[in-house]
Amino acid sequence: MFGLEALDLARIQFAFTISFHILFPAITIGLASYLAVLEGLWLKTRNDTYRDLYHFWSKIFAVNFGMGVVSGLVMAYQFGTNWSRFSDFAGAVTGPLLTYEVLTAFFLEAGFLGVMLFGWNKVGRGLHFFSTVMVAIGTLISTFWILASNSWMQTPQGFEIVNGQVIPTDWLAIIFNPSFPYRLMHMATAAFVATAFFVGSSAAWHLLRGRDNPAIRTMLSMAMWMALIVAPIQAVIGDFHGLNTLKHQPAKIAAIEGHWENHGDEATPLILFGWPDMKEERTKFAVEIPYLGSLILTHSLDKQVPALKEFPPEDRPNSTIVFWSFRIMVGLGFLMIFTGLWSLWLRKRDSLYTSRPFLRLALWMGPSGLIAILAGWFTTEIGRQPWVVYGLMRTADASSNHSFMQMSITLIMFVVVYFALFGAGLGYMMRLVRKGPKISEGSATPDGGPGKKRTPARPLSAADDPAEGEHEDNTRLTKEI
């Protein structure tokens, strides 16, 4: 069917499951740190706005965390079911790294998550804040180990091959492989940026609906400060990451640039747009800027970038896909920087919360961080092909011996179950977002807080009974976002 083989379906299945999964940890990482900041600000200032926002976003965090755990378990099983040859070859490295993630990050998160979500009235303020911080640190530790494993597959070192299997010889070299620091910073920063725009989009929706209060304004303000500061930093990290990739995976860079051949000693142009044709070995309809490719990738005006024709056809990534996935990621990155700068200009003019054109942009930018993460992930993983462990094991040699029919049935089942299960979860999260934070009534410092008596936060419970017009609001939010 469509010229696909069992291997292609195995790859599609893994891409499908990881595309769902990566969205949840990204928001979990960002929200966990956001919650730690909110509680810290509340403890320092006793401003109830921060407490109200903490309770609001802790509900969304709890749902998101649960879906991330479930989708992650499915991915882990695929290494044994669909990619058994890879597990046999590299399991001595990837297995321990994933185990370290469970023993450190997951146990840390699980140990303090209950206190964080349900202990607001049960423990003291210091212990509750400590639990929130530990959950936030746990998400970052989890990122550390997952990125260490993936980076080793991209730039492997610290091993030897004995009887067709990878044997670790230097764990520090394995963990801190050449691409790991750049991938770790790039992914962690991407999670913070994605969360900032998710939070900012939620605030923008409420402001556009006329729901203007201190909590909503604080949400938008904090999100835009994060976008203003972190989005440009992410661009700088991306530049360093690109230089590292050029050194260790030049074929990937050539595919990203759609660059097929060098001419004499000419500098490499930057192809802004075009259509890389893998069969004709050229980029059609190319719109080029002379010298800029060399300037960006080598920081000079005379050095050349490796071209795809310098590599055997069987060792070339699919340039058609990574060329455009990379540009989607970069284009969204520039939009994020623009949004942050516009917010600063409006802030100085005291119109950040009232400019409807800006609020509409902030609303539409809500999923931009997650889309950019997916585009970047596709660029990274497809750009590594045809290798599953770069330079050591080809993807075609890594899959299990399943039939086309078996892979077809399981892929269809995954699609149906995922859209049903996670679609319901995402719908519930959007319902919570639509409801907005509950504002405290009474004095500026009502009773409540860790160790004090007040209504429980109920992070895993449903929102209140629908009010009149709720379903219309929910439909409108879904359409607008």
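These legends go with a few close-up views of a predicted model. Local features need pLDDT of at least 70 and side-chain atom pairs count only at pLDDT 80 or more, while totals for chains, interfaces and linings use all residues. Residues are numbered from 1 along each chain as its sequence is written, and side-chain values use heavy atoms, with hydrogens and water left out.

View A. (Rings of Phe, Tyr and Trp, the last by its six-membered ring, pair if their centres lie within 6.5 Å; planes under 30 degrees apart are stacked, over 60 edge-to-face, the rest tilted.) The pair joins distant parts of the chain, with Phe16 in helix H1 (residues 6-45) and Phe419 in helix H13 (residues 404-435), 403 residues apart. Helices here are DSSP runs (H or I, at least four residues), numbered from the N terminus. Phe16 counts as buried at 15% relative accessibility, whereas Phe419 is exposed at 52%. The cut-offs are under 20% relative accessible area for buried and over 50% for exposed, with partly exposed in between (1.4 Å probe, protein chains only).

**View B. The aromatic cluster around that pair.** Phe16 and Phe419 share one cluster with Phe20, Phe24, Phe414, Tyr418 and Phe422.

**View C. Arginines over rings.** The charged end of Arg327 sits over Phe323, 3.6 Å from the ring centre. Arg394 does likewise with the face of Trp387, at 4.3 Å from the ring centre. To count, NZ of Lys or CZ of Arg must be within 6 Å of the ring centre and within 35 degrees of the ring normal.

Key
Helices (H or I, at least four residues) and strands (E, at least two) are DSSP runs, numbered from the N terminus.
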